[in-house]
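Please load the model in your viewer and keep the selection panel open. The stops below are given in the order in which to select them.

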Amino acid sequence: MMRCSKSGVEKIPKDWCAVQLQDIATIVPGGRLNLTKNEHYQKEGFVAFSAAGPDGFVALQEFSGEAVVLSSIGARCGKAFFADGAWTTLANTYVIQADEQRYSNRFLWYLVNDEDYWHRSGTAQPFISPHDIRHAWVPSPSLQEQHKILDVLDGVSQTVANYQKQAEWLRRTKKGFLETLRAGAFFSKKPDRERLKGLTKVTMGETLISHQLTGTGIPVFSADTKEKPWGYTDNTKRRYPKGTIVVSARGSIGFPRLPKFETYTSTQTTLIVYPCER
């Protein structure tokens, strides 16, 4: 079931309405001033929304007030951004500006800011068609109820933002600590140094392909950044004990993980690093 389809609003409360975006908003393509990042972005001015979001400033204003700016072409099409004040758009966007007497633009942004909400066409270059934007369905509670829901959503969003800010600070602190540790700054005298190959054994993971994953057996890690295993298998020749480091050798090259399982294995797209016995 597509969330933007009419079936996506079949179970809304009885006192709410189901409406299409064309019934509550003005919908126009962005980029009508033909501005580009290379030629027109500057250090200050009016906020400019590209398909990647508010990522620059330009000298010309195109819109004012609240609205939803939708990324309509590319791998992230369906990502939506909330615009307010004076602003401008670049190509590959659509502007959805709700009638504020009937619908809150910010409430609308919460509803449609989800790539899984939209019907996307195309394969190599996904896009959302103007027809699908205009005919997308959303629930429509009363304006008063929208604002009550907004109070809750804004509070939750602020809590999430605070945790994300704290998590980012902790990541930077950890990175700085490790860099200082590697430089030897925590020691009263310069520490002895050894090459990594003298302290560890490094091997490639084994050749495993998707159809060898059985859903049971030991966890299998592949070349990505996820803490969860790629899958499970009984068809493996190598098994590593807890404490063995798995390093991505393709894609996210160099990304290390220390799985929490007692035993696991990994694919040929990884490096296996474990300490030598001293």
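Rings of Phe, Tyr and Trp (for Trp, the six-membered ring) count as a pair if their centres lie within 6.5 Å; planes under 30 degrees apart are stacked, over 60 edge-to-face, and the rest tilted. The structure holds eight aromatic pairs. Select Phe82 and Trp109: this pair is tilted, at 6.3 Å centre to centre with 50° between the planes. Phe82 belongs to strand 7 (residues 80–83) and Trp109 to helix 3 (residues 105–112), so the pair links distant parts of the chain, 27 residues apart. Helices (H or I, at least four residues) and strands (E, at least two) are DSSP runs, numbered from the N terminus.

This is a predicted model: local features need pLDDT of at least 70 and side-chain atom pairs count only at pLDDT 80 or more, while totals for chains, interfaces and linings use all residues. Residues are numbered from 1 along each chain as its sequence is written, and side-chain values use heavy atoms, with hydrogens and water left out.

Colour by accessibility next. Buried means under 20% relative accessible area, exposed over 50%, and partly exposed in between (1.4 Å probe, protein chains only). Trp109 counts as buried because its relative accessibility is 17%, whereas Phe82, at 22%, counts as partly exposed. Now select Tyr103 and Phe107, whose ring centres are 5.8 Å apart with planes at 50°, so this pair is tilted. Both Tyr103 and Phe107 are buried.

The charged end of Arg106 sits over the ring of Phe82, 5.2 Å from its centre; the criterion is NZ of Lys or CZ of Arg within 6 Å of the ring centre and within 35 degrees of the ring normal. Then select Phe49, Phe63 and Trp87, which form one aromatic cluster.

Two strands pair if DSSP finds at least two bridges between them. Which way do strand 14 and strand 17 run? They run antiparallel, joined by two bridges, with strand 17 covering residues 263–266. Strand 12 (residues 218–221) pairs with strand 17 in the parallel sense, over two bridges. Phe221 stands opposite Ser266 in strand 17.

**Loops**

Select Asn34, in the loop between strand 2 (25–29) and helix 2 (37–40). Asn34 has a positive phi of about 60° although it is not a glycine, and it counts as exposed at 63% relative accessibility. Asn92, in the loop between strand 8 (86–89) and strand 9 (93–98), has a positive phi of about 70° and is not a glycine either. At 36% relative accessibility, Asn92 counts as partly exposed.

Move to Thr123, in the loop between helix 3 and helix 4 (130–134). Thr123 is exposed, with a relative accessible area of 75%. Draw a C-alpha to C-alpha distance from Thr123 to Val112: 21 Å in space, for 11 residues in sequence.
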